[in-house]
Amino acid sequence: MNADIKVRLASVTDAEELSRLNQAFNGGDKRPRHQIMESLKINNELIAVAEIKGKVVGFGCAQSYHSFCYEEPQGEITELYVEEAARRRGIAGAIISCLEENLRERGVKSVKVLTGKRNDAAIKTYEHCNYVKGHELILTKRIGD
């Protein structure tokens with residue numbers, strides 16, 4: 001990976017760039033900066049950002065949680081996005097590594113990832129980082145407005 005590329009955990013000063021990248025990733029309206037700042041302050045979520053020469057070009061999110069069903073904390077990478085112009089430089093893998101290291105520090109020993117079954121680029125990225133396709137089926141249901 002290029003020396004100009006840095007990956008680190010996000011801070012409240014990244015809120016505007018996270019809003020911009022999230023809109024590019026998920027579409028819709030930009031999330032207000034103050035909402036992202038508040039989430040960064042109070043949430044248990046891990047958010048890693050990648051920079052090229054100081055400009056944020058990608059992000060990834062992960063969660064860790066405890067369940068009475070399992071002895072160890074559980075981990076999940078929930079989001080991963082790198083701007084088109086910054087792809088194919090190892091940035092996604094570096095974001096994944098940063099998230100994994102921080103999950104490991106929380107005691108997580110196994111991480112799961114949910115991605116679209118036709119999202120070949122993401123699947124290849126995760127497989128390159130030694131993730132293995134599972135046999136579980138994900139079902140969803142909207143229960144709110």
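This is a predicted model: local features need pLDDT of at least 70, side-chain atom pairs count only at pLDDT 80 or more; totals for chains, interfaces and linings use all residues.
**Group meeting: a sheet, its helices and its cores**

Residues are numbered from 1 along each chain as its sequence is written, and side-chain values use heavy atoms, with hydrogens and water left out.

Ser-19 sits in helix α1; helices here are DSSP runs of H or I with at least four residues, strands are runs of E with at least two, and both are numbered from the N terminus. Once its neighbours within four places in sequence are set aside, Ser-19 is in contact with Lys-30, Arg-31 and Ile-36, contact meaning heavy atoms within 4.5 Å.

The axes of α1 (residues 15–26) and α2 (residues 33–42) come within 8 Å and cross at roughly 110 degrees, the axes being lines fitted to C-alpha atoms, for helices over the stretch in contact, with angles running from 0 to 180 degrees between N-to-C directions. The two helices are therefore roughly perpendicular to each other, a label for angles of 65 to 115 degrees, whereas under 35 counts as roughly parallel, over 145 as roughly antiparallel and the rest as oblique. On the α1 side the contact involves Ala-15, Glu-16, Leu-18 and Ser-19, which meet Arg-33, Ile-36, Met-37 and Leu-40 of α2.

Now to the sheet, which is open and has 5 strands in the order β1-β2-β3-β4-β5, with mixed pairing; two strands pair if DSSP finds at least two bridges between them. Its edge strands are β1 (5–9) and β5 (111–113), each of which pairs on one side only. Strand β3 (residues 55–65) is mostly covered, since 8 of its 11 residues are buried. It runs antiparallel to β2 (residues 46–52), to which 7 bridges join it, and in that pairing Ala-50 has Gly-58 of β3 as its bridge partner, while Ile-52 has Lys-55. The two strands form a hairpin with 2 residues between them, and Lys-53 in the turn has a positive phi of about 50 degrees. With β4 (residues 74–82), β3 pairs in the antiparallel sense over 8 bridges, and there Gly-58 stands opposite Val-82. Helix α1 lies across β2, β3 and β4, running at about 85 degrees to β3.

What about the interior? A nonpolar core is a set of buried Ala, Val, Leu, Ile, Met, Phe, Trp, Tyr and Cys residues joined through side-chain atoms within 4.5 Å. The largest one has 23 residues, of which Ile-77, Ile-91, Ile-95, Ile-96, Leu-99 and Tyr-126 touch the most other members. The elements giving it two or more residues are β2, β3, β4, α3 (91–105) and α4 (120–128), and the largest share, 7 residues, comes from α3. Apart from this core lies another, of 11 residues, among them Ala-10, Ile-36, Val-56 and Tyr-81.

Technical notes:
Buried means under 20% relative accessible area, exposed over 50%, partly exposed in between (1.4 Å probe, protein chains only).
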